[in-house]
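Work through the exercises below with the structure open. Try each task before you read its solution.

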Amino acid sequence: MDGEFRLHDYLARIGYRGPVAADLATLKALQLAHLDALPFETIDPWLGRPVRLDAAALQAKLVDGRRGGYCYEHNFLLRAALAAIGFQVTGLGGRVRWMSPPESPLGAKTHMLLKVDLPDGSYLADAGFGACLLDAPLQLETDIEQTTAMGTYRLTERDGLLWLDAKRQGGWRTMYVFDLQPQLQADYELGNWFASTNPTIPLTTHLIMERLSGERRYRLVDRTFSTEARDGEVLAERALESPRDLSDVLRDTFKVTPPVPAEEIFARIGG
């Protein structure tokens with residue numbers, strides 16, 4: 001991340017007060033605290049507002065402001081924090097498969113994820129996959145089931161690529177496909193531009209928000225607000241009926257102050 005990164009302010013923003021060391025315990029604690037404090041949200045691309053990946057913009061929005069972001073923003077910020085602490089961290093690129101039919105061809109690299117190398121091995125860290133936020137880093141080992149507080153995951157290797165699957169109520173579902181080729185800033189800028197401006201993808205056509213807190217996953221897709229337990233079990237779901245409903249959910253559940261009034265957002269969803 002170009003520019004000065006303020007680790008102390010980031011740790012304060014996510015409410016992390018534990019030990020800070022380049023070890024697995026810190027990595028797990030940081031990822032969990034990050035997901036609790038900073039929601040996944042697509043407000044800016046959905047409104048047609050630019051998404052910037054420079055240090056000043058990211059910190060102004062996610063650290064100093066009461067906002068979240070989408071995959072590039074979250075993982076740029078997490079990567080900067082990990083690097084400042086002393087972790088060996090590499091940015092990777094993923095090809096999203098969550099909504100893709102199994103037989104469909106692979107798409108472009110429009111997702112950012114991180115590889116963190118520790119003395120006991122390498123881990124996948126990802127704070128920004130908004131369809132199924134990952135609440136803990138995963139070992140970069142294939143063909144084993146890895147259980148976290150909120151889900152069950154597995155990595156498999158096919159055709160030289162790593163496939164990340166999540167266990168859902170109806171069976172395994174692929175999140176994304178990736179390789180271990182480090183990505184350049186230019187790779188991310190291109191993917192970020194495509195993901196935040198393409199008029200045919202969910203990030204620009206739907207209001208999508210997600211937050212993990214405790215043993216609950218909260219999700220908002222347009223006016224549908226749901227609460228899930230582990231492995232995607234839906235505990236409650238309801239439609240937001242008014243701008244006041246939307247404002248309350250944004251403030252109390254997602255802890256976000258949107259850049260435009262809730263009334264404008266609600267009317268846009270309806271349109």
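A cavity is a set of grid points where a 1.4 Å probe fits but cannot get out. The model used here is predicted.

**Exercise 1. The cavity**

Task: State how many cavities of 30 Å³ or more the structure holds, then describe the lining of the largest cavity.

Solution: 
- Step 1. Count. The structure holds one cavity of 30 Å³ or more.
- Step 2. Take the volume. For the largest cavity it is about 40 Å³.
- Step 3. List the lining. It consists of Tyr72, Gly93, Lys109, His111, Gln183, Asp187 and Tyr188.
- Step 4. Sort by class. Two lining residues are nonpolar, three are polar and two are charged. Gly counts as polar and Tyr as nonpolar.

**Exercise 2. An aromatic pair**

Task: Classify the pair formed by Tyr72 and Tyr188 as stacked, tilted or edge-to-face.

Solution: 
- Step 1. Recall the description. A pair of aromatic rings is described by the distance of the centres and the angle of the planes.
- Step 2. Count the pairs. The structure has eight aromatic pairs.
- Step 3. Check the distance. The centres of Tyr72 and Tyr188 are 5.9 Å apart. The cut-off for a pair is within 6.5 Å.
- Step 4. Check the angle. The planes of Tyr72 and Tyr188 stand at 70 degrees. Over 60 degrees counts as edge-to-face, so this pair is edge-to-face.
- Step 5. Place the residues. Tyr72 is in helix α5 and Tyr188 in helix α6, 116 residues apart. The pair therefore links distant parts of the chain, with the helices taken from DSSP runs.
- Step 6. Look back. Both Tyr72 and Tyr188 also line the largest cavity.

**Exercise 3. Two helices**

Task: Describe how α2 and α5 cross, and which residues meet.

Solution: 
- Step 1. Find the helices. α2 covers residues 24-37, and α5 covers residues 71-85.
- Step 2. The axes come within 12 Å and cross at roughly 145 degrees.
- Step 3. The crossing is right-handed.
- Step 4. Name the contacts. From α2 come Leu27, Leu30 and His34; from α5 come His74, Leu77, Leu78, Leu82 and Ile85.
- Step 5. Sort by class. Six residues are nonpolar, two are polar and none is charged.

**Exercise 4. The largest pocket**

Task: Which element gives the most residues to the lining of the largest pocket?

Solution: 
- Step 1. Take the volume. The largest pocket has about 860 Å³.
- Step 2. Go to the centre. Of the 33 lining residues, Val96, Trp98, Met99, Ala131 and Pro202 are the closest to it.
- Step 3. List the elements. Those giving two or more residues are α6, α7, β11, β12 and β13.
- Step 4. Pick one. β12 gives the most, with three residues.
- Step 5. Sort by class. The lining has 19 nonpolar, nine polar and five charged residues.

Definitions and conventions: Residues numbered from 1 in each chain as written. Predicted model: local features only at pLDDT ≥ 70, side-chain atom pairs only at ≥ 80, totals over all residues. Heavy atoms only, no water. 1 Å grid on protein atoms, 1.4 Å probe; cavity = no way out; pocket = protein on both sides within 12 Å on 5 of 7 lines; lining within 4 Å. Points joined across faces, edges and corners; volume = space filled by probe spheres on them. Helix = DSSP H or I, 4+ residues; strand = E, 2+ residues; numbered from the N terminus. Axes fitted to C-alpha atoms, helices over the stretch in contact; angles between N-to-C directions. Left-handed = near helix turned anticlockwise from the far one by under 90°. Contact = heavy atoms within 4.5 Å. Phe/Tyr/Trp six-rings, centres within 6.5 Å; stacked < 30°, edge-to-face > 60°.
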